[in-house]
Amino acid sequence: MSGEPDPLGAVRATRRRLAGVGPVRARSEGDFERVALPDADADVLRDLLLGERARVVVEIGLAYGSSALAIGEALLAQEDRATRHVIIDAYQHVFRNVGWEAIESAGLAGIATLTSERSQLALPRLIAQEFVADAAFVDGSHIFHNVFVDLCFLREIVRPGGLIVLDDCDWPSVATAVRYFELNAGWTPQPIGRPTRLRAFRLPSPRFEPAFQDFKSFNV
Ligand SMILES: C[S@@+](CC[C@H](N)C(=O)[O-])C[C@H]1O[C@@H](n2cnc3c(N)ncnc32)[C@H](O)[C@@H]1O
């Protein structure tokens, strides 16, 4: 890890700085506020993962690192050496690496990896490597077919009984994609006892394949 005497304090300080004064650079004025997960929702994400005791988390969509720092805080708080945070972001270069720099300056680079590739290509490779996660956070492409494909692959990556958390389910493209899995694949919405724009779904355990005859239309 980082050699920092208070690693958790360092992550929290980096989060406070990001929420308080913003990133060291942004693509344009107001972009951080428009794109990053708001700090209160990032706290909700952290607490969901802590409640799960998630040790291995896959995240799609790094951008400014607001969600990634919250995930890192949840992983570090467990004081378990086996924690792992797999981040996928195809366009971090468009953000001039600012999200990854936040991860590094928080001392989280030892448990995190960044794959700079479209998630629709990176996720099936994780399946081929037999990678298993306890939880996933989905905040990458919001195009319906990309979200749908991400969720198809995450269904095989996140262990049975694990948790998939999504941002932006208020967008019909995201809401419609996840609705398929709720209606057809046994994903159960998890109540979140605080106001948040996040939605969380528990995967069935054991995993099952629905019969094609049982298909339910999934428009929202
Ligand atoms: C809404 S932002 C994520 C915000 C981030 N969670 C935060 O808190 O700062 C969406 C991110 O998804 C990435 N992205 C968009 N399409 C993608 C794709 N097909 N595969 C992987 N990453 C993608 C973008 O580069 C961007 O960083």
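User: Which residues come nearest to the ligand, and what makes a residue near?

Analyst: The nearest are Gly-61, Ala-63, Ser-66, Tyr-91 and Ser-141, out of 22 residues around the ligand. A residue is near a molecule or strand if its C-beta atom, placed from the backbone, lies within 6 Å of it. Helix H4 (66-76) and helix H6 (119-128) are the elements that each give two or more residues to this shell. By the way, this is a predicted model: local features need pLDDT of at least 70, side-chain atom pairs count only at pLDDT 80 or more, and totals for chains, interfaces and linings use all residues. Residue numbers start from 1 along each chain as its sequence is written.

User: How many shell residues are nonpolar, polar or charged?

Analyst: The shell has 10 nonpolar, 9 polar and 3 charged residues. Here Ala, Val, Leu, Ile, Met, Phe, Trp, Tyr, Cys and Pro are nonpolar, Asp, Glu, Lys and Arg are charged, and the others, Gly among them, are polar.

User: Why is Ala-63 called buried, and why is Arg-96 called partly exposed?

Analyst: Count the C-beta atoms, placed from the backbone, that lie within 10 Å of the residue's own: 20 or more others is buried, 12 or fewer is exposed, and in between is partly exposed. Ala-63 has 23 such neighbours, so it's buried. Arg-96 has 14, so it's partly exposed. Ala-63 sits in the loop between S1 and H4, while Arg-96 is in the loop between S2 and helix H5 (98-105).

User: What makes their phi angles worth a look?

Analyst: Most residues other than glycine have a negative phi. Ala-63, however, has a positive one of about 45 degrees, and Arg-96 has one of about 50 degrees.

User: How do you know that strand S1 is largely enclosed?

Analyst: Because 5 of the 5 residues in S1 (residues 56-60) are buried, the rest of the structure largely encloses this strand. Val-56, Val-58 and Ile-60 point one way, and Val-57 and Glu-59 point the other way.

User: How do you know that S1 and strand S2 pair?

Analyst: Two strands pair if DSSP finds at least two bridges between them. S1 and S2 (residues 84-88) run parallel with 5 bridges, so they pass that test. Val-58 has Val-86 as its bridge partner in S2.

User: Why is the crossover from S1 to S2 called right-handed?

Analyst: With the strands pointing away from the viewer, the path from the first strand over the helix to the second has to run clockwise. The chain goes from S1 through H4 to S2, and this β-α-β crossover is right-handed.

User: What is the order of strands in the sheet, and which are at its edges?

Analyst: The open sheet has 7 strands in the order S3-S2-S1-S4-S5-S7-S6, with mixed pairing. Strand S3 (112-115) and strand S6 (188-190) are the edges, as each pairs on one side only. S1 also runs parallel to strand S4 (residues 133-138), with 4 bridges, and Glu-59 stands opposite Phe-137 there.

User: Which peptide bond is cis?

Analyst: The one joining Ser-205 and Pro-206, with omega at about 5 degrees. Pro-206 is in the segment after strand S7 (199-202). Most peptide bonds are trans.
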